[in-house]
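These are my notebook entries on one structure. I set down what I looked up, topic by topic.

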Amino acid sequence: MIHELIKTFFAIFIVMDSLGNLPIFLSFVKNTPKKHRERMIRETILVAGVVLLLFLFFGMVILEFFNIDIHSFKIAGGLILLIFGLKLVLGLRLLEERARTYKSAVVPLATPLITGPGVITTIIILVNQFGILITLVASILNLLVTYIFLDKVEFLHKILGRQGSDALSKIMGLV
């Protein structure tokens, strides 16, 4: 069970790309009062968590509603993950420029960056493969790690810098 939890955790962690999203979040919180920043982090994690849990518990029901079997979904999900990986490896920042126009970090960060198509696909496949309990625990742990990363964004940015964050993103895209 521990082995499956570790596999599930890292599968979600890689697709969630919390470290790769730090520069986008940093662009939102620069020169922002600490109280407002903390509220943005809580809202972001809450919205990402709600979306994640919605698909964790009801993803298969949603697929069945649209008459999509898990095998077809795995193929489509694989294509999404391929595109996501290519985006990371090639360093494409398609959403980052558009994200700066939002007044709150919740929309671009919570979804689609933290809990986007890649994470949703991964969650549904992992629930099908390992069950709800292991996927739920791994998901909550990932949200906790993301919360910590967002809370310590300036410190992590000083350590990693933009290039370090991009390099980690590319490595995760390769994985």
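For the helix entries, I take a helix to be a DSSP run of H or I of at least four residues, numbered from the N terminus. With that in place, I note that α2 is followed by Asn31, whose phi is positive, near 60°.

**Entry: the model and its confidence**

I record at the outset that this is a predicted model. I looked up the mean pLDDT of the protein and found 82, with 83% of its residues at 70 or more. Where pLDDT is low, the predicted coordinates should not be read in detail.

**Entry: overall make-up**

I counted the secondary structure as nine helices and zero strands. The order along the sequence is accordingly α-α-α-α-α-α-α-α-α. The protein has 175 residues, and 45% of them count as buried. I then turned to contacts between residues at least 6 apart in sequence, and 89% of these join residues at least 24 apart. For the accessible surface I have about 9700 Å², with 70% of it belonging to carbon and sulfur atoms.

**Entry: helix α2**

How many of the eight residues of helix α2 are buried? I find seven in residues 22–29, so the helix is largely enclosed by the rest of the structure. The buried ones are Leu22, Pro23, Ile24, Phe25, Leu26, Phe28 and Val29.

**Entry: positive phi in the loops**

I looked up Asp17 in the loop between α1 (2–16) and α2. Phi of Asp17 is positive, near 50°, in a residue other than glycine. Asp17 counts as buried, at 4% relative accessibility. I next looked up Asn67, in the loop between α3 and α4 (70–90). Asn67 is not a glycine either, yet has a positive phi of about 60°. Is Asn67 buried or exposed? I have 71% relative accessibility for Asn67, which counts as exposed.

**Entry: salt bridges**

Side chains of opposite charge can pair when their charged atoms come close. My search of the whole structure finds three salt bridges.

I began with Arg37 and Glu154, whose closest N and O atoms are 3.2 Å apart. Arg37 lies in helix α3 and Glu154 in helix α9 (residues 153–174), so the pair ties together parts that are 117 residues apart in sequence. Arg37 counts as buried at 13% relative accessibility, whereas Glu154 counts as partly exposed at 38%.

I then took Arg39 and Glu43, with closest N and O atoms 3.2 Å apart. The two are four residues apart in helix α3, and so are separated by about one helical turn. Arg39 is partly exposed, with a relative accessible area of 38%, and Glu43 counts as partly exposed at 30%.

I also looked up Lys152 and Asp151, whose side chains meet in a salt bridge at 3.6 Å, N to O. Lys152 is partly exposed at 42% relative accessible area, and Asp151 counts as partly exposed at 33%.

**Entry: further residues of helix α3**

What does the side chain of Thr44 reach? I find the backbone oxygen of Met40, at 2.7 Å. Thr44 lies in helix α3 (residues 34–65) and is buried, with a relative accessible area of 0%.

Arg42 is also placed in helix α3. I have a relative accessible area of 47% for Arg42, which is partly exposed. The C-alpha atoms of Arg42 and Leu150 are separated by 9.6 Å, although the two residues are 108 apart along the chain.

**Entry: a nonpolar surface patch**

Which residues form a nonpolar patch on the surface? I list Met1, Leu133, Val137, Leu141, Leu144, Tyr147 and Ile148, with about 660 Å² of accessible area together. I looked up Leu144 from this list and placed it in helix α8. Leu144 is partly exposed, with a relative accessible area of 47%.

Notes: Residues numbered from 1 in each chain as written. Predicted model: local features only at pLDDT ≥ 70, side-chain atom pairs only at ≥ 80, totals over all residues. Heavy atoms only, no water. Buried < 20%, exposed > 50% of the residue type's maximum accessible area, 1.4 Å probe, protein only. pLDDT = per-residue confidence, 0-100. Contact = heavy atoms within 4.5 Å. Areas by Shrake-Rupley, 256 points an atom, 1.4 Å probe, with all protein chains shown as cover. Patch = residues over 30% accessible without salt bridge, like charges linked within 9 Å, V, L, I, M, F, W, Y side chains within 5 Å. Salt bridge = Lys/Arg side-chain N within 4 Å of Asp/Glu carboxyl O. Polar contact = N/O pair within 3.5 Å; in protein donor to acceptor, adjacent residues only side chain to side chain.
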